[in-house]
Amino acid sequence: MHQPDELSEERRSARAALARDVSRAGARAHFRAMGIDPDRLDGPIVGIASMWTATMPCNLNHRDLADAVAAGVERAGGVPLTFNTIAVSDNQSQGTPGMRASLVSRELIADSIELMDVAHDFDALVCIVGCDKTAPAALMALARVDKPAVVLFSGPMRAGRWHGERATIQEVWEAVGAARRGELPPADLDELERTACPGPGACAGNFTATTMGLALEFLGIAPAGTAMVPADDLAARRADAERCGALVAGQGVPRARELLTRSSLLNAMTGIAASGGSTNGFLHLLAIASEAGVELTLDDLFDACGRTPVIANLSPSGRYVAVDLHAAGGAPVLIRELIAAGLVDGSRPTVEGPTLAEATSGAPDPDGDVTARVAAPFKPVSGLVGLRGNLAPDGAVAKVAGTERRAHTGPARVFESEGECIAAIERDAIRPGDVLVVRNEGPAGGPGMREMLSVTAAVVGAGLGESVTLVTDGRFSGATRGLMVGHVAPEAVRGGPLAVVRDGETITVDADAGVLHLDVDPAELDARLAAYTPPPPRVRRGVLARYARLVGSASEGATLTS
């Protein structure tokens, strides 16, 4: 149960005075300046958090959707107050120093939503989310303020076409690796670049943004069937948005923490695993749990993945993209099937009132092409796997996507940064069988725990996707495929064993056994760690330096410590 803080009574008193008390005349003057009659202030005041930005296609429809939410709020007798947060493009910053801003932005977005509520004391909120960090950030903020809330995912991009085949941003990044090796003509890469991303929306495959969009429906905090509607279908998107506004202004929506429970978060992890989703789901669900005061561990999430088959045939490990899932019935198909199999708790509430089971009871049956039955899955077990061992005492996350390879043993090739590793791939210095160790890229060491898509895509583009494994304290993009290990904890600069691995030493990754092991004598490993001195900070001032000082372990969600 959420405990009120010492300001709660003051906030209630100020809200009660808003419509008529002399003490709030200044506030009413500003409402009048915006054309809002103070007589309306006795009704629900709804904050609408938009993450609109023109720096990327992912959130381009947010202004339209915010206007539609506002119309729905007004239709239900409420007062809509729209505001904006920042949003960072993971794709635009991929492989550059700018990627350090991505995970950091999650905290800033959450803080900004919370602060707007502290300042304006909304009665309820609607958060419109899109690109990767916006959905978890919104959920973190809502867990803090614990008010009635709805979250609307703004929709995926459609896939493009290239050489007669479906193309997404994943194919672009992998083509970059091939082009660097001279295996793809520049004209072909240019054509792919022009056609892979045909319009607005979050990246087309089941990458991180779509993964979190699906999670919203499994949590019950988004209306069923809304997440996978294409971003460019503005008529449908506006209808969904207006429905969300009317819903939350109707004052029957549960408070956020009623929806962000342990059972619901495990439902979300099951949905992520069943859809072949992103490893970033681990980080974000742990962070949301922390903000909601829910006891949830990395091992709890590993266990959920270990009992979940893959029943969605989605990129990067499958054939289809997010809008294909929408055409096949959307997230409700997966939810209904997983409830029937006893893998998802259907008794959890949803924003629209019915239980999760009731809200998805009318979903179509799996079609056997885009979606499958639990009894006949595309894969018998999730490709998201928890690892532990002497190289990851606090855990690591393996992603097995687009490959049947679930184990690898080979010599370590150690790199102190993402850039060093990419340079080695470009000069053809990586050999089949190598284990690429990229360290000092964790939450504190990066700082910012950059995604390694440029590395993993370069590996695939170089034709090494089936013979090389990556081990890092950084993250992966949802578009990553192969046998890759990230989130290694503790991270190198915090004294994790990854810091003292040496070139040529044997590393074993075994997804089935859940093992990440360095073949070094325990006494020798202890001696190295005792003598280890972390490198100096890469950034010494500003937001990244502050983040590096305050951020916690990836094994606990990489949230900021108090």
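## Nonpolar cores

A nonpolar core is a set of buried Ala, Val, Leu, Ile, Met, Phe, Trp, Tyr and Cys residues joined through side-chain atoms within 4.5 Å. In this predicted model, the largest such core comprises 108 residues, and I113, V129, L142, I221, M269 and F282 have the most contacts inside it. Helix α6, spanning residues 134-145, gives the most to this core, contributing 9 residues.

Leaving aside residues up to four places away in sequence, I113 touches A49, M51, F83, T85, L125, C127, A138 and A141. Another core lies apart from the one described above; it has 27 residues, including V414, V471, V485 and V520.

The whole structure holds 39 salt bridges. One of them pairs R144 with D111, whose closest N and O atoms are 2.8 Å apart. Because R144 belongs to helix α6 and D111 to helix α5 (residues 100-120), this pair ties together parts that are 33 residues apart in sequence. R144 is buried, at 17% relative accessible area, whereas D111 is partly exposed, at 28%.

D240 and R243 also form a salt bridge, with 3.8 Å between the closest N and O atoms. Both lie in helix α10 (residues 234-249), 3 residues apart, and are therefore separated by about one helical turn. D240 is buried at 11% relative accessible area, while R243 is partly exposed at 31%.

## A salt bridge between loops

E416 pairs with R439 in a salt bridge whose closest N and O atoms are 2.8 Å apart. E416 sits in the loop between β9 (407-415) and α18 (418-426), and R439 in the loop between β10 (435-438) and α19 (453-461), so the bridge ties together parts 23 residues apart in sequence. R439 is buried, with a relative accessibility of 8%.

Terms used:
Residues numbered from 1 in each chain as written. Predicted model: local features only at pLDDT ≥ 70, side-chain atom pairs only at ≥ 80, totals over all residues. Heavy atoms only, no water. Buried < 20%, exposed > 50% of the residue type's maximum accessible area, 1.4 Å probe, protein only. Helix = DSSP H or I, 4+ residues; strand = E, 2+ residues; numbered from the N terminus. Contact = heavy atoms within 4.5 Å. Salt bridge = Lys/Arg side-chain N within 4 Å of Asp/Glu carboxyl O.
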